[in-house]
Structure formats: structure tokens, C-alpha cells
Amino acid sequence: MTEREQELIRLAEEEVEKNIEVVESDPYRLRYHLIPPVGLLNDPNGFIQWNGTYHLFYQWMPFKTGHGAKFWGHYSSEDLVTWKHEPIALAPSEWFEKNGCYSGSAVEHDGKMVLFYTGNVKDADGNRETYQCMAVSEDGVTFDKKGPVVELPEGYTAHFRDPKVWKKDADWYMVVGAQSESLTGKVALLKSSDLKEWQHLGAIAGSGMNGLGDFGYMWECPDLFELDGVDVLVASPQGLEAEGMKYQNVYQAGYFVGELDYASATFDHGDFVELDRGFEFYAPQTTLDEKGRRLMVGWMGVPEQDEDKHPTIAHKWVHALTLPRELKWVDGKLLQVPVEELALMRKDQLVKKIDLQLSGDKIGLEIRESKAFEMSLSFKDDVASFEMDLSDTIQLIFDASERVFSLRRKSFVTGEWESRSCRLQELSELRAYVDTSSVEFFLNGGEEVFTARIFPDGHAAGMVTVSGDGTVGEMEVWKIEPE
């Protein structure tokens, strides 16, 4: 480790120590989601299970609640529930990364953990350079930087970043989020036999390709993997216009399902589908664990979407990561299911109701002012409408006649109600994870997901009512207390 890196890490650690009390005193501090110890958190990075332990890195700006020259923060866990904050993994200390160790991924090779990340460089005039860099660790905690292994290929601007690496047979492959010289979003594919020398095979997806029309000016954070016989490409396009219920956030995160032909470096795929219909979800990353599960974590935020207005900024921190989700491909649908280990967080059962008949009168639930809980509801097929009010901040509304599910939130910027919606043929199941300032709703076994940050008034936290027309077959609510 160079002296410059040691100095940057020392300064970041001092910033954590200096602000620990103000951060931890925030009434909106999350109880069981991963958050920064101070400053700004964004993209999840380097998600991997290595030597039996899960490692999850994240983009981190420790010195302010805005963006800048990012570090890689680092959490580890044995069970995806109890997380340990590890020492800082990467600091932007070298010439090839001086303006930020940007997003990337992790693989295992020869018993070592190998990180790939984007080194961001800007000159005095703001002109950008980009390098895809490698760092190697023998213990999963300290990393030896090897410097750039990929420089900018022809045909792209310097918006070329976020390498995701995987192995297929004897070779390694990398997808990189990119912008073409004609200012359209792309995903580039590269190949290597040794992780050091990389060949650019070309763009495999993007705006104007594979039947897509104009589809954004930059695609960030790509991830490509095989899932139950299909290839899935996850990406976060920037520059999509809102289209009915779709693309309502400033930037999107979603996926294409198709088939990657490794020999010809082409990807034949279908339509783009948003992964999460809520207000805050971006830059997800997946990994394959030792149980054979494809796991995903996303950033509970969106770039340039009122980031400077989050109430937590008064307590020197902003943003969080989602709970880990297992991805499944079932009957032509990509499902997102909360990982089974999350049941370990359940403590007291607060509510259990069987065959609850809904009506126009709101039924209050005895959550006992808990600010962190899990809910599970199953519905009979007679449900014509359903509404849930959570604190004074969130409403869930399902209308069977319109076949529409909506999440309404009181804006933390204006105080006015705002909504996100999707088509839903029926409502059979709802799982909800409520934390002090976040919600994650999973519908019909993960067929649709809504994620959002919420900032309820203190007296209203934990107040839940349900109403509608039909029958809730079973409802359970558990208090959550992480270890």
C-alpha cells in the first residue's frame, strides 16, 4: 500500500470516528439495511461468496454527502443477515484512479479474491480518462493494486466503466457499461485467458441494437449471467423518457432475457423490463453463491434524483443498499425473492390473523410502534381491492378491475403525494420489509417489487391500517431485531 493510499484511508477513518455520534443519533438510521458509516453510499460492488464468506463492497464518499472521488467500502457476512464492517478496500490514491475507484466486481482465481474496477481520471478542464483496473487479495481484506488491465477501446467515449467479470469454460469475460462515440448507451464485451490481457469483442447490446430504438445515452453497471437456461443482461440505462407507468425515475435499472453467443459475441434478446417499480432502485449487482443461488443487491437510490434533499443529510449520511434477493426464472418470468436467511431476523410475532374480511373501514394493526418489521399477507381470490396505509407516508393500492398496483408516497421534497404503478393481473401475496426509513414490497412471489425510502413523522411510525374488498387468507407480522 502506498503512502498516499494509507493517508487517504486514515483521513476517511478519522471522518467516521468524528461523526459517529451524529450519524448514529439519526432517528431515520436504518436498523437492518447496509448503510455508510458516514457520507454517501451508492452502487454495490464486488458481491461475492469467497471461502464461504459473503463480501459486499460499495461505492463510498466519506467526506461529504455528495459524489466525488469514491472509495470502496466493505462489508462481510457469514449468513447475509449479520454484517461486519471491514477495513476500507480501495482508496483513490494512484494516477489511474485519482478521481475515484468507480464500480466493479469480484471473482475468485487461484484461491485469491480479484477485484476489477474503473479508475476514473479527470484533468483540470474536466476531461475524463477511464481505466479498468485490477486488485488482488489473499485474505479478502487487504488488496494489492495491479493497475490498469483494460484501456479505452476504439469507438467509445471515456464513459466506459463498471466491469463485471465471470468465467465461461476456460476463458474469462467482462461486460462494461459504455457510451458510443455517437453518444448512445452500449454494453461492451471483452475476453481474456488470464485476467490480465483483454480483447475487446464489441458491443453486444445498446441503444439502436437488437431491435431497440433510441434507448438512452449511457448504460451503467451491466451484469450478464445464466439463469435456469436463459442468459440475463442487467443494465442501468440513462436517458429513457417516461412511457406510461414505465421509466418514471430519473434513471432506470432493468434486464433483458436472451441468449449470448460466445463464439460470435452477439446477444439476441427480448424487451427491457424494469427490475423494481419503486422510487429508489439502481445499479444492482448479482453473484452466484455456493448453494447455486443467483443473488442480487441494489442501491436504494437513483443518481441525480433529489439526492441532496434526503433528511438524513442533516446527520451526515445518505443512501443504503437493498436486502439480498434471490433471482429465479419461472414460467417466463424473472422473480425476486427475499433470501431465506432473512427469516433469522424475526423476533416477536406482532400480528397473526386468519381469514380477515376487508371492508371500507380501515382496520388498524397492533404493530406497537415498531419501526422495523416484516409483513406477510396471502389473499383469497375474491380480492377486488386492497389498500394498506403505512405510517403517514406510504399507501399501497390494488384495483382488480383496473389490474393495477400502485405505491403512493408522500414526497420528502414537496410533501405532496407521488406514485409508482405497474400492471398486475391479480394480487395473491404481499411481503413487506419495513425499516425506519425504507420499504421493500414483494408481490406474488417476487413477480413485482417496489422499493422506496420513506421519512415518516415520529409519532406515525409503525401505524398500519388495511381496507378493501375481499379476504386476507393469512396475515403475519414480525418485529425485526438484527443481531
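Two strands are taken to pair if DSSP finds at least two bridges between them. The model under discussion is a predicted one.

1. Strand S3, residues 71–77, pairs with S4 in the antiparallel sense, and 3 bridges connect the two. Within this pairing, Tyr 75 has His 85 of S4 as its bridge partner. Helix H1, residues 3–24, packs on the sheet and touches strand S2 (53–61), S3 and S20. The direction of H1 makes about 65° with that of S3.

2. The sheet in question is open and consists of 5 strands in the order S4-S3-S2-S1-S20, with mixed pairing. Its edges are formed by strand S4 (83–85) and strand S20 (317–318), each of which pairs on one side only.

3. The loop between S3 and S4 contains Leu 80. This residue, which is not a glycine, has a positive phi near 70°. Is Leu 80 buried or exposed? Leu 80 counts as buried because its relative accessibility is 1%, and the cut-off for burial is under 20%.

4. With a relative accessible area of 10%, Ala 265 is buried.

5. Strand S26 (residues 385–390) and strand S27 (residues 394–399) run antiparallel and are joined by 6 bridges. Asp 389 has Gln 395 in S27 as its bridge partner. The two strands form a hairpin with 3 residues between them, and Ser 391 in the turn has a positive phi of about 50°.

6. S27 also pairs with strand S28 (residues 404–410), in the antiparallel sense and over 6 bridges. Here Ile 394 stands opposite Arg 409 in S28. The hairpin of S27 and S28 has 4 residues between the strands, and Arg 403 takes a positive phi near 55°.

7. Glu 274 belongs to strand S17, residues 273–274. What surrounds Glu 274, if residues up to four places away in sequence are not counted? Its contacts are Lys 246, Tyr 247, Gln 252, Ala 253, Gly 254 and Tyr 255. A polar atom of the Glu 274 side chain lies 3.0 Å from the backbone nitrogen of Tyr 247. Glu 274 is classed as buried because its relative accessible area is 11%, where burial requires a value under 20%.

Terms used. Residues are numbered from 1 along each chain as its sequence is written. This is a predicted model: local features need pLDDT of at least 70, side-chain atom pairs count only at pLDDT 80 or more; totals for chains, interfaces and linings use all residues. Side-chain values use heavy atoms; hydrogens and water are left out. Contact means heavy atoms within 4.5 Å. Axes are lines fitted to C-alpha atoms, for helices over the stretch in contact, and angles run from 0 to 180 degrees between N-to-C directions. Buried means under 20% relative accessible area, exposed over 50%, partly exposed in between (1.4 Å probe, protein chains only). A polar contact is a pair of N or O atoms within 3.5 Å; within protein, one must be able to donate a hydrogen and the other to accept it, and residues adjacent in sequence count only if both atoms are side-chain atoms.
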